[in-house]
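Welcome, and please have your viewer ready. We will take a short walk, one selection at a time.

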Amino acid sequence: MGKNIAFIGLGHMGGPMAANLVKAGHRVSGFDLAPEALETARAQGIEVAGSAAAAAAGADVVISMLPAGRHVLDAYQGRDGLLDAARPGSIFLDCSTIAVKDARIAHDLATAYGHRSLDAPVSGGVTGAANGTLTFMVGGSADDFGEAEPILAAMGGRIVHCGGPGAGQAAKLCNNMILGISMIAVSEAFVLGEKLGLSNQALFDVASAASGQCWALTTNCPVPGPVPDSPANRDYQPGFAGALMAKDLGLAVQAFEATGVKARLGSLAEEIYRDFAEGEGAGRDFSGIINEIRATSGAEALP
Ligand code: NAD
């Protein structure tokens with residue numbers, strides 16, 4: 001049966017996610033600070049509310065898809081905050097990518113108001129959001145997960161319950177740390193191969209069937225040619241933008257500090273993508289990092 005869902009944050013990800021909830025038969029009341037996001041949402045059958053609190057009043061489920069932790073905590077709290085506006089017992093489902101620490105604060109706040117709460121960050125990007133094929137990594141109780149799963153299924157293809165509060169965010173940042181580091185490794189290997197006179201195709205043919213095999217190589221290959229759909233074949237248009245990789249690795253670094261983990265490669269990868277995102281990498285796919293490596297190695301940028 002269709003639920004009453006409040007959806008806060010109707011940007012690149014939230015807009016198409018909310019539209020998929022409407023298609024699945026839910027009644028969605030949405031809010032965003034940006035008027036253009038509201039216009040697009042209205043055209044997709046989302047009822048536009050006058051404020052976040054107005055969207056949350058009368059909702060069974062309150063979903064947020066906001067830029068960062070401070071936006072989520074600000075939206076939750078205060079006199080016009082979501083926690084106050086929603087009926088006790090509502091499910092709060094935060095799909096934004098935020099720090100594990102902030103996700104746990106959000107959970108504690110929500111439960112203090114008598115709500116249920118899950119962190120449910122996603123991977124799959126804008127294409128996954130539009131096609132309803134996102135992967136959701138979910139933290140919270142098994143009961144709350146069971147209740148939220150059918151709603152998440154309208155927006156995603158794979159839904160994994162990762163553990164208690166914050167576990168979804170923990171899974172997301174650990175996965176993206178693997179991805180960020182492995183893309184640098186693959187890119188350095190291609191530049192070294194080129195300098196040694198090895199063709200990119202030859203390195204791909206060997207490594208993709210050997211122990212160097214990984215997603216950064218076989219799906220998001222940073223050189224044009226071997227994987228025709230990878231962003232390298234379209235001038236590094238994202239895909240997954242360098243700015244988002246820098247953001248996610250920044251969350252990983254916060255977690256190193258909180259836990260005392262000495263992740264030297266993770267820390268270095270964060271610095272490398274931060275520099276990249278401060279330059280032309282902000283809006284380019286993160287695999288464009290290969291051109292930074294080329295530039296500092298005296299190699300020509302491709303294509
Ligand atoms: P976006 O900037 O396109 O959308 C965020 C929206 O939130 C904007 O429309 C903004 O106006 C709105 N907003 C900000 N504060 C608000 C408030 N207080 N009330 C209502 N609306 C508010 O960002 P996005 O790409 O949709 O990303 C959203 C989240 O998803 C981020 O946490 C991001 O890290 C994560 N994410 C993004 C991708 C991706 O490929 N874009 C992939 C995975 C995860």
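**Around the ligand, then along a helix**

This is a predicted model, and our first stop is the shell around the ligand, whose residues divide into eleven nonpolar, seven polar and three charged. Select His-12, Met-13, Asp-32, Leu-66 and Lys-247, which come nearest of the 21 residues around the ligand.

A polar side-chain atom of His-12 sits 2.6 Å from a ligand oxygen, and a backbone N or O atom of Leu-33 is 3.4 Å from a ligand nitrogen. On Lys-247, look for a side-chain N or O atom 2.8 Å from an oxygen of the ligand. Taken on its own, the ligand has 840 Å² of accessible area, and the protein covers 83% of that. Two elements, α7 (125–131) and α12, each give two or more residues to the shell.

Next, select α12, residues 242–259. This helix has 18 residues and spans 26 Å from first C-alpha to last, close to the 26 Å expected. Which elements do its buried residues pack against? Show α9 (167–195) and α13 (264–278) to see them. Among the buried residues of α12 are Met-245, Leu-249, Val-253 and Phe-256. An α-helix has 3.6 residues a turn, so residues three or four places apart point the same way.

Finish at Thr-259, still in α12. Is Thr-259 buried or exposed? Thr-259 counts as exposed because its relative accessibility is 57%, over the 50% cut-off. A polar atom of its side chain lies 2.6 Å from the backbone oxygen of Ala-255, and the Thr-259 side chain also reaches the backbone nitrogen of Val-261 at 3.4 Å. Just after the helix, click Gly-260, which takes a positive phi of about 80 degrees.

Note on methods:
Residues are numbered from 1 along each chain as its sequence is written. This is a predicted model: local features need pLDDT of at least 70, side-chain atom pairs count only at pLDDT 80 or more; totals for chains, interfaces and linings use all residues. Side-chain values use heavy atoms; hydrogens and water are left out. Helices (H or I, at least four residues) and strands (E, at least two) are DSSP runs, numbered from the N terminus. The expected span of a helix is 1.5 Å times one less than its number of residues. Buried means under 20% relative accessible area, exposed over 50%, partly exposed in between (1.4 Å probe, protein chains only). Contact means heavy atoms within 4.5 Å. A polar contact is a pair of N or O atoms within 3.5 Å; within protein, one must be able to donate a hydrogen and the other to accept it, and residues adjacent in sequence count only if both atoms are side-chain atoms. A residue is near a molecule or strand if one of its heavy atoms lies within 4 Å of it. Accessible areas come from the Shrake-Rupley method with a 1.4 Å probe; for residues, only the protein chains shown count as cover. Ala, Val, Leu, Ile, Met, Phe, Trp, Tyr, Cys and Pro count as nonpolar, Asp, Glu, Lys and Arg as charged, and the others, Gly among them, as polar.
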